[in-house]
Amino acid sequence: MKNNRPNSILNKKIIISISVFILILFLSVSAAAQIELEETEYHSFKLENNMQFMVFPDHSIPLIRYSIYYNVGSIDEMEGETGISHFLEHLMFTGTKNLPEGEIDDLISSVGGHLNAATTYDYTYYYHEVPTAALELAAALEADRMRNLNFNNQEVDREREVIKQERRMRVDNSIFSKGFEEIKAHAFSDTYLEYGIIGWMEDISNISTAELQNHYQRYYSPNNALVVVSGDVEAEAVKKLAQKYYSNFKPAEIERKNFEFPEQKTEKEYTVKLNTNIPYALQLYQIPAADNLDLTAVEIFLDILANNQSSRLKEKLQKREGIILDSGAFVNPLRKNSFALIYFIPSNPDLVEKAQQAFDSELQQIFNQGITEEEFEIVKKQYQKSLIFSQKNIESTASTYAVNKIRFDNPELLQQKIEYINNLTKAEVVKIAEKYFNQNQRTKGYILPEAKGGAQQ
Amino acid sequence: MKKTNKVIALALIIIFLLTFSAVAQNQKFSPEYFRDLADVVNKKPEIEIPDYELFELENGMRFYLARDRSLPIFEIKGYIDAGKINENKKNAGITSLMTELMLLASENYSEQELSLFKEINALSLNLGAGFDRISISGNSLKTESSELISLLAETLIRPKFEGDHFARTVKESQQFYRQRFYNDSALLNMHFFKNLYGEHPYGYNNDYNLILDFLSRVKSEDILDFYQKTIRPEDISIAVSGDFELEEIKKEISNNFSSWKNTETEPAKKYVNVNLELHQKIIIVNKPDATQANMRMGYNFYSSKFPKKIPFMMGNLIFGSGGFTSRLMGNLRNEKGYVYGINAQTNYNDHGGAYFINLSLEPGKALAGMEAVKEEIFKIKNGTEAFKEEELFENINLYNAIFPKAYQHQIDVLDQIVYQKEFNNKSEQYINDIIKQYNGLEVEEVQKIYAEELYPEIIFTVIVGPKEEILPQFKEAGLEVEVIEDSAVN
C-alpha cells in the first residue's frame, strides 16, 4: 500500500528531516525549563464600604469589559430554594426602580455593546462589553441594579417559565447532564453540592418573589462585590466612578450558612437508566477548596491519567484495548470543598464492568509505579504554553485574577501555583493523588441504557 | 490664622459639596440620566492589514506569511479546497473519517509516536471537515515552529489509513453516530438538513443512517482513494503568523512540502435542488422521553455568492441575532416567556444555503411558538412593523465596536485574507469593504431586502419532541403533520 503512493517515497530530504524530528522529540524531553509567568499589570483598590475594584489596562482596542462579581452562588442556597442565585441573575435584567424593563439591554445595545451574566457554584457575575466611552454608563447601570432592583410578580413568573425552559434544554434533555445531576446528588447528599446551579425544577416552580428579594438584599451589597474592568481604561477613571457611584452604599452583614461537608468514608455506587445507546462511567471524588495547592498536583495527575492524548486511559483502554471510546477528567474548584470528576465512556454497555476494572487497575498502577519523567514534562510544557497563549486576551487574565480575589482575596494565587509546580516532584504528584483518589472517598456512577437490544451495539 | 481657617472652611465646603454631589448623583438615576450617558457613537473602524508575503511552492501550495512579535508564539490557519461536497450517497461521512485519521498516524510514525510528539512539543493541530472546505488550524510556542511544520507535513502528505487505529476509529464513529439518535438536537439537524438539501452531498452528510451504512463497509483503501482525489497541494492555502524569521520559515516550508506532487483529478460538484414538496411541510419526530419541543423552521437559501449578503445580515441581526433586543427574543422570551433563546441563522455554502430559525420550548407551547415566529416574520414582510432607524443604528454601532475585537489578532486578519482571496476572489481589503458597506446602509434598504427574502409561505418545520403532547395542538388547528416515529437505526 505504501508504495502505491507517489508522495510516500522516502527521499533523502525526508530521511534527514525525520532524523531531526526524532532528535528533537527526545531532546525536548530533557530540556524542560522552569515555568514562567510574565507579570500582568493591574491596579486594585477598595472603598470604605469594602467594595473592591481591579483594573487591567490594555489599550490595543477601544473596548472595555466592565464586570461585577458577587460572592454568592448555588452553594450558598437553602433547602427549598435551590436555583435562587441563578433565578436572581435573570431578574437583574428585568428593570430597576429607575429603569423600566428592557431598558438596560436597550441602553447597552444603543452604545454598540453587549451584556450577559453567569451563575456558578460559588459566585455570580455580570459583564458589559462596551466601547471605552461607555465606561460610566456601565458603572452607573451596575450601581443602580445593585440597590434598586424591581421585584414584580408578573415579571418573576414570566422569568420562571424562561428558567424552566432553560433547565429542560440544558439538563433534562441532555443525557450526560441529567445523569450527572442524579449521580452527584447521590454522591453529595445533604451537602451544598447535592443540587446543580440551576436548581431542582420543583424549587424553580415554587421560589417566591419575597425569597428572591431576601436573597438580593442579603448578598448584593458592596462588601460582597468585586468590580473588574479590563481593556482600554485607566485606573484613575475607574477610581473616580467608584467614588461617584458606589461610595455611599452601606455595607451589609453577610450571614452565611454552615458549609458542612462530611468526609466520605466508604465507597458509594449509583446507576441511572436513561434513553441512551452508549453508557457513561463517572467517578466522583472529594477535593479541598481551590486555594489548597494540592489541587495543582491533582490537575497534573488528571491530565496524565485521563486528559492527554497520551494519557494512561486513552493510550491503554481506548487505543490498545478498545474498551472505552473516550476519557476525561476535571476538578471543579470552589471556595469550599468540592469534587473532581473522572469519566470514561465504555465502548458498549457489556463492557462497563470490564472498563471499570481496567480503570481501577490503571489507577493502582500509577500509585504503585509512579508517573514517568516524560509524562510530567508534557504537562508542564502544556501549562507553560497555555500561560503564554492566555496573554493574547486580557479578559481571560483578568478573570483568573478576579476569581482568586473574590474567592480568597488572593489574586496572586496563580503565581503561587506556578512556584509550586516548579518545585513539585513527580513522586509528590503521585502521593497527593493517592490522598484524594482512594476508593473510600469515591462515588462510582453509571449512566446506562434503559433497555438493551435493537441495532445498538 | 483667621484667613487659614477660612481656607480650611472653604475647602471643607467644597469637599462636602463634592461628596454630596456624588451621593446625590446616585439618587438622581432616571431613564434620562442613563440616556445621556449612552450618547455614544462608535467611529467606523479600519482593520490594519498585516504586511504579509505570499510564498507559493511549485506544486501550487500557498503560504501567507506575516511576522508578529507581540508574543513568543506561532500560529497557522488555512484551508483545503475540498470537503463533504466531494462525497456521494455511498460514501457519506468519509471526509470526517478521513480528517480524523489523518491526524492520528502517518507512514513514518505510529499513532502512539505521533501523539507523543505533539504533546512533548505542546503542538496543537486540527482539521475540520466542512461542506466546501477542510479547515486547518494549529499553534505552538515559537521555539517549536519547526516541529509544527513537520507535523503538518506528516498529516497532509503522509497520513496512514490502514492499521489498528483505522478499525478502532471506525468503531468509535459508529457508536457516536448511533448515539445521535438519542439526542434531540442531533435528530433535529438530521431531519431538517437531510430533507432541505435532499439528493445532494450536503443532504447525505446529515443522514446518519447513510453514514452508518458507509461505516459498516468502509475499508482503509476507500479512505486512501478519497484522500488521493481530494487532498492536493494546489488546493491548499495557509496563513502563518507569529514570532519567526521569514527566510527560516520559508526554508522549513520548502523542505517539508516542495516534494509533494500534484494530482490531476478535479472532483465534480453540483448545486442543491430545491424540493417544492417541503414547502409548508411540518414533521414531528417523536421522542417520547423528551421534555421539550426542539424546533427549526426554514427554507433553502442562496449560496455564498448571494450579492445582498450584508444588508440581509443587518436585517437578520435586527430580527433574530439572539440578543435580548432582537425582535424574536423580544416577543418569544421577553414578552411571552416561551423560550430561553431563539435566533435566525443563514448558512451560506458554495452550492446552496439555508435560512432557518431555532427555538426550543415546552412541548405544549410548540404551536404557539411556531405561530409567534410567523407573526414576527409577517410584521416585517408586510411592513406593519418595519425596521426602525434606531434598530439599524444599534447593530451598526455594535459591529463598529466589535469588529476591532474580532480582528484584534493578526492571525485572524490573515486567515480572512486567505479565505477571501483564495476562494471568493476578493481583495485583501475585504474586511474593510464590509465595514464600509454596512456603515453605508439605510434602514429602508435593509427593510426592503430583508422583507423580499423572507418567504413565510415556504417554511419547512421540523419538531423533535414527545408526539403525545405536541401532535394534538396541530390536529386541533387543522394542520397536516408527518410523524416520524422514535429514532430507530435502520
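User: Which residues lie nearest the centre of the largest cavity?

Analyst: Rolling a probe the size of a water molecule over the atoms shows where empty space is left. In this predicted model, the largest cavity is lined by 16 residues, and those nearest its centre are A:I61, A:L63, A:G231, A:I394 and A:E395. The space in the largest cavity amounts to about 140 Å³. Three elements of chain A, namely β3 (63-70), β6 (225-231) and α14 (394-408), each contribute at least two lining residues. Strand β3(A) gives the most, with three residues.

User: How many cavities of 30 Å³ or more does a search of the whole structure find?

Analyst: The search finds two. The second largest cavity has a volume of about 50 Å³, and its lining consists of B:F63, B:F74, B:I76, B:I149, B:L152, B:I238, B:V240, B:I253 and B:F257. The elements that supply two or more of these residues are β3 (73-80), α5 (145-157), β6 (236-242) and α11 (246-257) of chain B. By class, this lining has nine nonpolar residues, with no polar and no charged ones.

User: Turning to pockets, which residues are closest to the centre of the second largest pocket?

Analyst: The second largest pocket contains about 1,400 Å³ of space. It is lined by 45 residues, and B:S304, B:K309, B:Y348, B:Q420 and B:Y430 are the closest to its centre. Elements of chain B that each supply at least two lining residues include α12 (309-320), β9 (339-347) and α16 (410-423). The largest share, seven residues, comes from α12(B). The lining of this pocket comprises 20 nonpolar, 16 polar and nine charged residues.

User: Is B:G465 buried or exposed?

Analyst: B:G465 is buried, with a relative accessible area of 0%.

User: Where does a positive phi occur in this model, and in which loop is A:D409 placed?

Analyst: Most residues other than glycine have a negative phi, and most peptide bonds are trans. A:D409 is not a glycine, yet its phi is positive, at about 55°. A:D409 sits in the loop between α14 and α15 (413-423) of chain A, and with 47% relative accessibility this residue counts as partly exposed. In chain B, B:Q280 also is a residue other than glycine with a positive phi, near 70°. B:Q280 belongs to the loop between α11 and β7 of chain B, and at 54% relative accessibility B:Q280 counts as exposed. A glycine example is B:G478, which follows α19(B) and has a positive phi near 75°.

User: Finally, how many residues of chain B are in contact with chain A?

Analyst: In chain B, 89 residues are in contact with 94 residues of chain A. The two chains bury about 8,200 Å² between them, with 59% of it on carbon and sulfur atoms. B:E119, B:Y182 and B:Y340 supply 9% of the area that chain B buries against chain A, more than any other three residues.

Notes:
Residues are numbered from 1 along each chain as its sequence is written. Chains are lettered from A and ligands numbered from 1 in the order in which they are written. This is a predicted model: local features need pLDDT of at least 70, side-chain atom pairs count only at pLDDT 80 or more; totals for chains, interfaces and linings use all residues. Side-chain values use heavy atoms; hydrogens and water are left out. Helices (H or I, at least four residues) and strands (E, at least two) are DSSP runs, numbered from the N terminus. On a 1 Å grid over the protein atoms alone, a cavity is a set of points where a 1.4 Å probe fits but cannot get out, and a pocket is an open set with protein on both sides within 12 Å along at least five of seven lines; lining residues have an atom within 4 Å of a point. Grid points are joined across faces, edges and corners, and a volume is the space filled by probe spheres set on the points. Ala, Val, Leu, Ile, Met, Phe, Trp, Tyr, Cys and Pro count as nonpolar, Asp, Glu, Lys and Arg as charged, and the others, Gly among them, as polar. Contact means heavy atoms within 4.5 Å. Buried area is the accessible area (1.4 Å probe) that two parts lose on being put together, summed over both. Buried means under 20% relative accessible area, exposed over 50%, partly exposed in between (1.4 Å probe, protein chains only).
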